[in-house]
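Dear colleague,

I am passing on the structure we spoke about, and below it you will find my notes. Please read them with the coordinates open.

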Amino acid sequence: MDGAVLRTVLPHGLTVVTEAMTSSRTFSVGVFAGVGSRHESAARHGASHFLEHVLFKGTRRRTAEQISAAVESRGGELNAYTTKEYTCFYARVLADDGDVAVDVLTDMVTASRVRSADVDAERAVILDEIAMHADDPSEVVAEQVADAVFAGSGLGKMVIGSPASIEAMSRDLVVRHWRQHYRPGSLVVAAAGDVDHDRLVEQVAALDAMPVDGPEPRPVRALPAVERPALVVTRRRVEQVQAVLAYPGAGLFDDRRHAAGLLAAVLGGGMASRLFVEVRERRGLTYGIDAGETTYSDAGMWSVEFACAPDRLATILDVVADQLDRVVADGVTATELADAKSQMRGQTVLSYESPSSRMGRIGTAALLGDGRSLDEVLARYDAVTPEELRLEAARLFGQRPTLGLVGPRVPSAVTRRWG
């Protein structure tokens with residue numbers, strides 16, 4: 001039956017979750033490892049992302065070219081990504097090629113060779129990737145704000161590492177990171193589409209016998225709060241200032257995040273939102289402005305983002321502050337709240353229509369311990385009251401924010417207020 005999520009935990013702790021979609025002709029599968037940049041020491045900064053790269057470089061059974069060709073020659077997609085909390089290797093293929101996709105992924109995760117030559121080759125690639133991110137002002141401002149808001153915690157670290165940490169990364173360190181964190185109990189295999197749950201459990205048995213090295217990873221410590229307003233600035237010879245105004249927000253399991261999400265929709269969730277109408281439509285101060293939340297398992301960040309000419313920055317910040325104050329004082333209208341709930345429902349449901357997106361959802365949910373169904377999450381958003389929204393606005397915007405800027409100069413009016 002469509003929508004039914006099946007779950008099996010193997011003897012050593014490996015979790016397998018599936019969601020069958022009877023009308024689908026495709027099969028999406030991912031192997032999720034519960035390690036990301038927040039779990040890394042200073043010496044291992046970027047190791048999770050580095051490992052993601054080198055596991056594609058060849059196994060005892062396949063060369064790097066054979067790994068990609070096994071899936072791509074069938075019209076499928078094979079890729080991976082690293083986040084601050086987990087790493088995922090995934091494949092998307094026609095249903096008839098599901099066995100091949102699973103075999104390739106399990107081969108990579110269990111039997112990669114991780115040769116010194118491969119580590120050196122990927123070191124150069126990752127250094128280029130770091131340079132590419134450094135050339136993008138929007139990436140730079142996002143990272144510097146995260147570093148300020150989550151100061152003292154791993155959530156402030158860049159996922160890809162720093163030039164210094166990548167230069168120093170050795171083959172032995174990458175292998176130790178692999179064997180310490182890719183334990184059966186830290187792995188989830190998720191699949192959606194035309195999937196046979198029992199068949200998948202049989203296929204991934206090798207993952208349940210992963211060799212391990214070193215002690216069990218320690219729990220990540222609690223996050224500190226931002227204690228003072230922070231102005232973080234990077235000077236760049238560009239035409240516009242990239243700006244992010246950020247507040248510490250709710251984590252994935254914090255019930256307040258539902259009101260915070262609806263606040264983001266009302267204030268900056270599209271062309272009908274308060275900030276877009278006031279800043280773009282009425283005043284013509286910037287091309288676009290958005291509000292949103294970044295959520296991790298135990299912490300989050302609520303932010304407003306825009307780019308503008310330097311001489312318009314102070315005015316836009318004043319308009320934003322005024323709009324946030326108005327929500328705290330007066331709340332939102334019944335129509336605004338109803339529209340925000342409808343927007344949240346539509347965007348959420350539409351984003352989980354494909355087998356690949358459903359695979360991602362059930363995989364991360366199992367990894368992070370989120371047992372709620374999609375319907376339960378949507379019902380909680382629907383239950384948010386106007387007063388609950390106003391109280392969350394008061395809590396959020398009563399905190400001291402961080403302002404991140406990347407641009408050619410900062411107007412004196414901004415530095416006086418934030419410096």
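A residue is called buried here when its relative accessible area is under 20%, exposed when that value is over 50%, and partly exposed in between. Please keep in mind throughout that this is a predicted model.

To begin with the cysteines, C88 has a relative accessibility of 1% and therefore counts as buried, and C308, also at 1%, counts as buried too. The structure holds zero disulfides, a disulfide being a covalent bond between the sulfur atoms of two cysteines.

On the surface, a patch of negative charge is formed where D96, D194, D196 and D198 gather. One of these residues, D194, sits in the loop that runs between β6 (187-193) and α8 (197-203), and with a relative accessible area of 42% D194 is partly exposed.

Another aspartate in a loop is D136, which lies between α4 (116-134) and α5 (137-149); its relative accessible area is 29%, so D136 is likewise classed as partly exposed. Between the C-alpha atoms of D136 and G270, which are 134 residues apart along the chain, the separation is 23 Å.

V114 is placed in the loop between α3 (98-111) and α4, and because its relative accessible area is 2%, V114 is classed as buried.

Key: Residues are numbered from 1 along each chain as its sequence is written. This is a predicted model: local features need pLDDT of at least 70, side-chain atom pairs count only at pLDDT 80 or more; totals for chains, interfaces and linings use all residues. Side-chain values use heavy atoms; hydrogens and water are left out. Patches are made of residues with over 30% relative accessible area and no salt bridge: like charges are joined within 9 Å, nonpolar side chains (Val, Leu, Ile, Met, Phe, Trp, Tyr) within 5 Å. Accessible areas come from the Shrake-Rupley method with a 1.4 Å probe; for residues, only the protein chains shown count as cover. A salt bridge is a side-chain nitrogen of Lys or Arg within 4 Å of a carboxyl oxygen of Asp or Glu. Lys and Arg count as positive and Asp and Glu as negative; His and the chain ends are not counted. The place of a charge is taken as NZ of Lys, CZ of Arg, CG of Asp or CD of Glu. Helices (H or I, at least four residues) and strands (E, at least two) are DSSP runs, numbered from the N terminus. Buried means under 20% relative accessible area, exposed over 50%, partly exposed in between (1.4 Å probe, protein chains only). A disulfide is a pair of cysteine sulfur atoms within 2.5 Å.
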